Each structure stands twice: as structure tokens, then as C-alpha cells.
Amino acid sequence: MRPSRRHCICASLALVAALLCVPRTHAETLTITSTPAGATLQIAGEKVGTTPYQTDYPGGYFHKTHTVFGARLEHALVVRVSMDGYLAQDVTLTKGPFQWLGLTGRQHGDYFLLKSSRFDIKLESTSRGEGKVVETIGKDGPMRPAPAAELLSDNAVESPAETGTIEFASDPSGADIYVDGKFMGQTPATIRLGSGSHHIELTSPGRQIWARDLDVLKDSQVTVHPVLEPAR
């Protein structure tokens, strides 16, 4: 026996009422601290404050919402932490993208989640930056290592005999390269990494973050050349 149209309408209204009655997720607090304190924080090029820094975000930014009406973070968040006399750091606060799907299946899209509610960032003095990539600020903005430069990671310095070579390129070029959370330059570049597993991230303004875990073998030569999709 087929259900009547009236029963279908009542069932739909009951479902909507149930969703609307679900308590809304309260705001949660994101905390960013640094050592030393007083560092400047920038998100999307805009200064948002100094450390220690706190701001409230909807709970859906920290974990998946239970209803289609919950707040969703629709883009990645990368914060730049800078302070005179210390190396600037770009820290990715989010993971994703993940995909959400509406009840009818017609509505869908991507969302990101904050990795944690607290980030503690240790800044490194520029006086200790010998042999590492140091970013300086000039009148024309950040000055990064020259393209196609050969860079050496910390792991490669510790065991130079156990290294592999990674050639980084990207479309578009000029993407920031992060190896195990450390800024290593911009594409195109050639980097020697110690053998073992490394987490690679390429970031570029207005583009989705490209991330992979890469196993490096002794004397291996690998080319990484991803296409960075536009951010949604």
C-alpha cells in the first residue's frame, strides 16, 4: 500500500522540525600562542592580532556538524606568525577539504576543519638560521630563495649519506613548499631530504592546499609537480 500524499507531507514536516530542534553547536575558542609572546598574526594577509590570541568560531569549524544547517568553514586557514628578530612561520590551521551532502543529494560542497583548538608556536631566532632558509622583508615584500635553488633539509644535514633528491614544481609556480611543517622555499626548487617518510605541503594564495606523505629512499630522485586547484 502506497503512503498517501498527506502522510508524506507530515513525515517531511516532522523531519524538518526534528532538525530544527537539534540544539545549535555553541561557539568554541581558538587559541594561538607563541614563544616568545607578542608575535604578529596574519590570516589572508590581514593582521588579526598578536600572541597570545583568542577568537571564537562556531563549533562546526572544529568538528562535523550534525545537521545541514550547521556552520561550515568553506576555505583553508593559514596563519602567518612573525616577529622582529625571528623567522616568520606559515602554519596551516585546517585539514581538508571534506565533502558535505544535503538531505536531498542536490546540495553539496567542500568544508574544512580546524586541526585543534590550540596552537603553540615556537619561533626561531634569525641568528640561528645559518644553513637554513631565512625569509627577510624588503621594500617590495618578502624575499624568498631564488627559483630552482638546491635546499637541504634538517634531516639531510644530520645524515648526508642517507638522502634523496626531490624536484618540486607546481602549476601555478611560486607555491610555498613545506616539509614536515617547515618552510623550505618556493617552486620550482630542488631539495635533498633525509631517507624516510616526510609530510609535504604546497600552498599558494587563492589555491587549495596540496598535501602528501612521501617516502624518500637513499639516492632516489623524485619529481613532484601538482596542479593547485582554485580555492572554493
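Guide: Leaving aside neighbours within four places in sequence, Leu93 is in contact with Leu30, Ile32, Leu77, Val79, Leu113, Leu114, Lys115 and Phe119, where contact means heavy atoms within 4.5 Å. This is a predicted model, in which local features need pLDDT of at least 70 and side-chain atom pairs count only at pLDDT 80 or more, while totals for chains, interfaces and linings use all residues. Residues are numbered from 1 along each chain as its sequence is written, and side-chain values use heavy atoms, with hydrogens and water left out.

Visitor: Which residues touch the most other members of the largest nonpolar core?

Guide: Ile32 and Leu93 do, in a core of 20 residues; the set is called a nonpolar core because its members are buried Ala, Val, Leu, Ile, Met, Phe, Trp, Tyr or Cys residues joined through side-chain atoms within 4.5 Å, buried being under 20% relative accessible area with a 1.4 Å probe, protein chains only. Strand 1 (28-35) and strand 9 (118-122) are among the strands that each supply at least two residues of this core, strands being DSSP runs of E, at least two residues, numbered from the N terminus.

Visitor: What makes strand 4 and strand 9 edge strands?

Guide: In the open sheet of 3 strands, with order 4-1-9 and mixed pairing, each of these two pairs on one side only. Two strands pair if DSSP finds at least two bridges between them; strand 1 and strand 9 have 5 bridges in the parallel sense, and 5 bridges also join strand 1 to strand 4, which run antiparallel, so both pairings meet the definition.

Technical notes:
Buried < 20%, exposed > 50% of the residue type's maximum accessible area, 1.4 Å probe, protein only. Helix = DSSP H or I, 4+ residues; strand = E, 2+ residues; numbered from the N terminus.
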